[in-house]
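Here is a note for a colleague who has not seen this structure before. Please read the points beside the sequence and the 3D view.

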Amino acid sequence: MPLSRAKLRRPPLVSDYVRRPGLIELLDRGLDRTLTLVCTPAGYGKSTLLSAWLHESESPGAWLSLEPHDDSLHELASGIVEAIELILPEALPRTRAWLDGELPSPESLASYLVDEISELESDPLVLVLDDYHVLHDSETHAFVSRIIELAPGVLHLVLSTRVDPPLPLTGLRAAGRLTEIRQTDLRFSEGETGEFLANSLGHEVDPTTARTLEAKTEGWPVGIRLGALSLRKAREPEDLLDRLPAGSRFVTDYLVSEVLDQQMPIIQEYLLRASVVDRFCAPLCDALLEADLAGETPVGIFDGAGFLALAERANVFLIPLDEAGHWYRFHHLFRDLLYHQLESRRSESEVTLLKRRAADWLEVQGFLTEAIEMAIKADSSLAVHLVARHRHDLMNREEWHRLDQWLRLLPPDVLESEPELMLLKAWTMENRHRYQDVLQLAHRAAALLADQGRDGAHALQGEVFTILALESYLKLDGLSAAEHAERALELLEPVAESVRGYAVILLSLGRQMLGELGEARRTVRDNMREVEGPPGTYDARLLAALTLVDWIAGDLQRLSVDGLAYLSAGLQGDLRETVGMGHYFLGVTAYERNDLVEAEDQLARVVRNLPAGDPWNLANSGFVLAVTLEGLGRHEEANRIAEQLIARALEVRDPGLVPITRAFQAELALRQGRTPEAIRWAETVEPDPVYPPYRWFIPNLTYARARMAQATADSRSEAAGLLERLRTTYESIHAIRALTDVLALQALLLDSTESRVAADAKIAEALRMAEPGGFIRMFVDLGRPMRDLLRRVGPGSGQLPYVRRILAAFAEESLGISGEIHLPSTAVDSGQLLALEITNRELEVLSLLANRLSNKEIGSRLQIGPGTVATHAASLYRKLEVTSRREAVAKAEALGILTPH
């Protein structure tokens with residue numbers, strides 16, 4: 001069983017276990033309450049009691065043994081989910097999904113967990129958190145406090161701890177919702193001491209012996225167990241008990257010495273050396289015994305497996321952690337005492353050598369988190385090298401939370417002194433889109449590299465250059481971005497696939513920013529590789545580069561193809577972030593083509609139930625999904641998504657995400673005619689700095705629209721100034737799609753001020769840019785004023801066919817204007833008027849129906865699902881007043897919509 005899974009198993013009962021019916025009954029009665037607290041010092045049998053209770057209980061019981069590295073919200077919540085899913089497989093899919101992305105607040109995460117537990121069809125679930133005292137982080141306690149508050153009736157929480165936790169115990173006690181088991185409850189009585197000694201020694205003992213041992217250990221179970229081990233081989237038991245000091249505080253060192261002295265030298269050495277690790281198995285014991293201490297390697301008749309078998313029979317506080325008997329640990333107190341003995345008998349360098357051997361073995365076996373913990377105990381530089389060896393592997397697999405956990409394990413002063421760790425921290429921040437943190441960390445890492453003058457630092461400098469390329473790109477300096485990215489690719493090692501892929505993205509985007517569109521795409525093609533097996537992060541990032549270039553350049557045809565390849569790479573490589581981005585780009589493509597059914601299908605896959613993952617992609621996908629639903633006339637659903645996105649941004653506590661979600665709420669208000677609400681928003685914010693427009697939603701455009709809607713001289717002047725600044729910038733960086741948006745808004749602003757000639761010229765410029773990409777929604781989204789402006793486009797412009805497609809989309813909107821479009825009589829005949837009610841995508845489907853393709857074949861051609869094809873076909877039948885595809889094609893040919901075959 002993997003080492004991490006051992007934490008999820010309750011300790012098996014040992015052969016000399018003494019059943020304690022009174023305590024079992026107390027625990028049973030406590031099931032009607034919210035919390036059971038078992039709080040005693042070490043060695044009172046807390047874990048044994050709870051394990052025995054779960055063994056007898058009819059209620060499902062989940063177990064989690066906590067360790068110091070669980071002291072974070074993510075690790076604690078992950079452990080709880082794994083513990084519950086061990087007994088109820090796949091019980092918590094929504095909570096698990098949250099753990100894959102940016103976490104919400106502790107209180108919100110607890111609410112989601114309890115809500116999902118409440119849906120389980122089972123008896124009240126018992127969850128035991130053993131060794132709760134190792135947790136100190138305030139977020140972990142807030143998480144557990146909220147669970148306690150919400151859980152009555154669906155979850156019974158049991159905490160085993162050495163000290164009272166910082167939880168609302170007073171209120172629970174006053175409300176009768178708390179069961180407490182304390183030190184006095186767990187002390188062995190004289191009778192229980194006698195029973196235990198009989199079980200342990202294999203024969204009845206004199207009552208005086210039991211009475212004396214109980215009195216001198218004060219009923220302390222671990223002291224009694226140590227006494228039993230000592231008595232087992234004592235020649236004069238009475239003499240041993242006479243010499244035993246009274247009081248549990250003094251008995252331990254004495255009895256541990258007695259227990260150790262009774263063992264063979266090789267077994268003593270095993271016991272002492274095994275105390276450096278939390279858990280061990282036979283091969284790990286062998287590795288520890290191989291370590292050369294004081295110039296000698298102990299040689300004996302036992303290997304690790306033989307030692308464990310003998311130790312288990314001898315009952316020396318060995319606790320099995322799985323049913324197969326592979327992993328074991330010592331009783332915590334016994335382990336502490338053994339380690340104290342080890343430190344007193346061996347030098348510091350010898351103990352450090354043991355820890356290094358353990359760390360090496362754990363690393364080789366793939367137990368990397370445990371290896372890092374052990375390496376930190378041995379030598380922080382060892383831990384740094386261990387993280388350095390494996391970080392790229394995890395980055396390449398997008399395992400960001402695991403990397404976060406590693407960074408939390410390392411001491412802060414080590415993080416600040418190691419450029420490699422600083423760069424790793426920067427990449428975890430980049431994953432959260434916290435670019436200012438990324439840049440600061442990279443500059444500090446660069447300064448450290450310069451100061452240290454390290455040999456072989458080229459690869460790290462390559463990472464610095466990659467982040468410098470990001471900095472230049474965000475500053476709209478495409479030349480510097482491309483130069484830094486090229487330098488990065490020269491320095492980065494092949495193992496750094498994630499970073500190399502990121503550098504290719506920035507190199508490609510830098511060249512696109514310079515207007516070198518063909519070179520931008522060639523950059524990606526030149527860096528592609530033959531893929532054996534599932535695509536990795538590197539391959540996905542190269543496809544991401546293509547989709548970003550396609551979007552910024554306004555090429556929807558390429559974007560539909562590259563976006564599909566991007567999604568496919570994510571699905572094949574099981575890369576969740578890539579899958580989400582793939583659906584986003586396909587959804588945006590469908591939306592801009594006015595294929596709202598397909599857009600909803602793609603974007604809902606990202607947004608449905610607001611799952612975890614990249615919160616920024618979730619937000620941006622949600623923005624487009626909301627306007628898609630608005631276009632379909634589902635206003636309440638659109639508003640609900642906007643509200644959920646704000647709530648999500650607040651939950652993940654991302655300072656950059658909240659403003660953009662509030663800006664989108666203003667955008668939706670403008671579309672729904674709630675103009676005063678959008679104006680109020682604009683009066684409370686300032687326009688953002690101009691960044692590269694690589695996403696669909698640009699808050700600055702919403703700000704300009706709100707100022708235009710305010711319709712005062714000052715507000716229009718401010719809108720005009722902002723739009724001109726955006727136009728100049730987007731033109732200089734060749735951001736065609738965003739530039740088209742700006743031109744369309746400038747045309748509307750000019751038209752509202754009676755500057756019709758200038759407005760007509762501006763809209764003609766926007767149409768020339770948008771037509772190659774086939775954009776429809778960017779015009780439809782601007783409502784009636786844009787419709788009226790487009791109706792003035794004359795036959796001589798050469799743009800009339802494209803304008804008709806846009807006006808056809810207007811006719812389908814629920815704007816109360818369907819059928820109101822009147823073009824000059826010379827423009828179209830009666831058959832073409834009918835065509836104005838058919839969308840561009842429906843015309844594509846109609847032409848393929850004429851070629852006698854099946855729905856599946858049509859879907860393959862258009863990169864949409866067969867169900868979406870059927871939806872478009874049904875819409876065509878309704879508009880053409882027919883009932884079959886043959887009739888639809890015949891009528892379309894008769895009306896001049898299709899050329900007869």
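1. Buried means under 20% relative accessible area, exposed over 50%, and partly exposed in between, with a 1.4 Å probe and protein chains only.

2. On the basis of the note: this is a predicted model, in which local features need pLDDT of at least 70 and side-chain atom pairs count only at pLDDT 80 or more, while totals for chains, interfaces and linings use all residues. Residues are numbered from 1 along each chain as its sequence is written, and side-chain values use heavy atoms, with hydrogens and water left out.

3. Overall, the secondary structure comes to 48 helices and seven strands (DSSP runs numbered from the N terminus: helices are H or I, at least four residues; strands are E, at least two). The protein has 901 residues, of which 58% count as buried. Of the contacts with a separation of 6 or more, 68% are between residues 24 or more positions apart; contact means heavy atoms within 4.5 Å.

4. Which residues does F779 touch, not counting residues up to four places away in sequence? They are T740, A744, I763, A766, L767, A770, M786, L790, Y802, I806 and F810.

5. The second largest pocket has a volume of about 1100 Å³. Its lining has 35 residues, of which W616, G656, I660, D688 and Y691 lie nearest its centre. A pocket is an open set of points on a 1 Å grid over the protein atoms alone, where a 1.4 Å probe fits, with protein on both sides within 12 Å along at least five of seven lines; lining residues have an atom within 4 Å of a point. Grid points are joined across faces, edges and corners, and the volume is the space filled by probe spheres set on the points.

6. Helices α24 (435-452), α25 (458-474), α33 (615-631), α35 (657-671) and α37 (699-710) each supply at least two residues of this lining. The most, four residues, come from α24.

7. P535 lies in the loop between α28 (517-527) and α29, and is buried, with a relative accessible area of 13%. P535 and A569 are 34 residues apart in sequence, yet 5.7 Å apart in space, C-alpha to C-alpha. Neighbours within four places aside, P535 is in contact with A569, Q572, G573 and L575.

8. Beyond four places in sequence, E363 is in contact with L368, A371, L386, R389 and H390.

9. A719, in helix α38 (residues 713-732), counts as buried at 1% relative accessibility. A719 touches A704, R707, M708 and L749, not counting residues up to four places away in sequence.
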